[in-house]
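Student: I would like to go through this model and ask what stands behind each label. Shall we start?

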Amino acid sequence: MNSGSEYFLIYKPYLMLSQFSREGDKPTLADLDYDFPNDVYPVGRLDADSEGLLLLTNDKQLNHRLLNPKFRHNRTYYVQVEGTLTDDACRQLADGVTISVDGKPYHTLPATARPLADPHLPDRNPPIRYRAAIPTSWLSIALHEGKNRQVRRMTAAVGFPTLRLVRWAIEDLTAEAMLPGQVKPLSRVDLFRGLRL
């Protein structure tokens, strides 16, 4: 892989698009307070209403490897859901559930899903709407695949709609101590170690 490649982890804020190009008046990666090289792009994406870790690089070979499903790199999400999460729902998520992908039924691959104490994430702006009569729960879910809006569709399929979704980790790289909008340059050695490559 190109030794001149550059690597950046960012904590993508809520409602920011995972791209540099403009689309209406929505904030983009170009709005981050950082002077990225012109040839750097995100590897994969997070929906505008999701937050957390996003990897940016100009290393095309790494980009291909991370996006190719056969390499199955692990991504961990912290998910706030509506309702009091049950062990049965976690078991269903771990075993795989049937969701709709491109209008067709798709059974998700086995995952890791467990209840999570409040993870004390940075505040979201704007915050989740608080409703006293409806409890919320957190879970950690780790996937090796990334279908469109997969986590949200999975939690809905087991009866717990997603309220907040944060990508916490990509393999061993985490958002620990990062704040929304923060950019963290990484060396190739540290990045590849964190990705277990």
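Tutor: Helices (H or I, at least four residues) and strands (E, at least two) are DSSP runs, numbered from the N terminus. Arg124 sits in the loop between β7 (112-116) and β8. This is a predicted model: local features need pLDDT of at least 70, side-chain atom pairs count only at pLDDT 80 or more, and totals for chains, interfaces and linings use all residues. Residues are numbered from 1 along each chain as its sequence is written, and side-chain values use heavy atoms, with hydrogens and water left out.

Student: Why is Arg124 said to have no salt bridge?

Tutor: A salt bridge needs a side-chain nitrogen of Lys or Arg within 4 Å of a carboxyl oxygen of Asp or Glu. The nearest side chain of opposite charge, Glu51, is 4.7 Å away, so Arg124 has no salt bridge.

Student: What makes the pair of Arg124 and Pro126 a polar contact?

Tutor: The cut-off is 3.5 Å between N or O atoms, one able to donate a hydrogen and the other to accept it. The backbone oxygen of Pro126 lies 2.8 Å from a polar side-chain atom of Arg124, so the pair qualifies.

Student: How do you know that β5 and β6 pair?

Tutor: Pairing takes at least two DSSP bridges. β5 and β6 (residues 104-107) have four, in the antiparallel sense, so they pair. Thr98 stands opposite His107 in β6.

Student: Which β5 side chains are buried?

Tutor: Ile99 and Val101, which point to one face.

How values were computed. Buried means under 20% relative accessible area, exposed over 50%, partly exposed in between (1.4 Å probe, protein chains only). Lys and Arg count as positive and Asp and Glu as negative; His and the chain ends are not counted.
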